[in-house]
Amino acid sequence: MTDGGLSELLKLAVQHPAKLGPAFDELPADLFGHPGYIAVCNGVIAVGGVASADRQWLHRLSSAAADDSVRSLITELAVEPIQVPDGALDRYATEQLGRA
């Protein structure tokens, strides 16, 4: 999976965790390659994985960030548009997980 695909997968985990479900939580953090992406994935794991996402999800992720650079990356992932039309988000999430 390319860095672009990995960032898309992390954007989904941050913005739409329910679309990924427990399958994301089973991915090894080192799959994400880039130290910042690994740190974000470790943060997801630290707060209970995407399966535990609730209304405080983004706040919990940010609070669990190892440092300000990881917190900044989480913010970027939270606001960057996901590269898919709205109606295709479920299928896109499934495809991204399948590529991982």
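Reply: This is a predicted model. In it, Gly-36, Tyr-37, Ala-39 and Val-40 of α4 meet Val-70, Leu-73, Ile-74 and Leu-77 of α6. By class, the residues of this contact comprise seven nonpolar, one polar and no charged.

Me: How is the geometry of such a pair described, and at what angle do the axes of α4 and α6 cross?

Reply: Two packed helices are described by the angle between their axes and the distance between those axes. Here the axes of α4 and α6 come within 10 Å and cross at roughly 85 degrees. Angles of 65 to 115 degrees count as roughly perpendicular, so α4 is roughly perpendicular to α6.

Me: Which residues touch the most other members of the largest nonpolar core?

Reply: In soluble globular proteins, nonpolar side chains tend to be buried together. The largest nonpolar core in this model has 31 residues, of which Leu-20, Phe-24 and Phe-32 touch the most other members. Two or more residues each come from α1 (3–15), α4 (35–46), α5 (57–64), α6 (68–79) and α7 (89–99). The greatest contribution is that of α1, with six residues. Leaving aside residues up to four places away in sequence, Leu-20 touches Leu-9, Leu-12, Ala-13, Val-50, Ala-93 and Leu-97.

Me: Which residues of α7 are buried, and which are exposed on its other side?

Reply: An α-helix has 3.6 residues a turn, so residues three or four places apart point the same way. In α7, Leu-89, Tyr-92, Ala-93, Gln-96 and Leu-97 are buried. Viewed down the axis of α7, these buried residues fall within an arc of 135 degrees and therefore line one face of the helix. On the other side of α7, Arg-91, Thr-94, Gly-98 and Arg-99 are exposed.

How values were computed: Residues numbered from 1 in each chain as written. Predicted model: local features only at pLDDT ≥ 70, side-chain atom pairs only at ≥ 80, totals over all residues. Heavy atoms only, no water. Core = buried A, V, L, I, M, F, W, Y, C linked by side-chain atoms within 4.5 Å. Buried < 20%, exposed > 50% of the residue type's maximum accessible area, 1.4 Å probe, protein only. Helix = DSSP H or I, 4+ residues; strand = E, 2+ residues; numbered from the N terminus. Contact = heavy atoms within 4.5 Å. Arc of directions from axis to C-beta. Axes fitted to C-alpha atoms, helices over the stretch in contact; angles between N-to-C directions. Parallel < 35°, antiparallel > 145°, perpendicular 65-115°, else oblique. Nonpolar A, V, L, I, M, F, W, Y, C, P; charged D, E, K, R; others polar.
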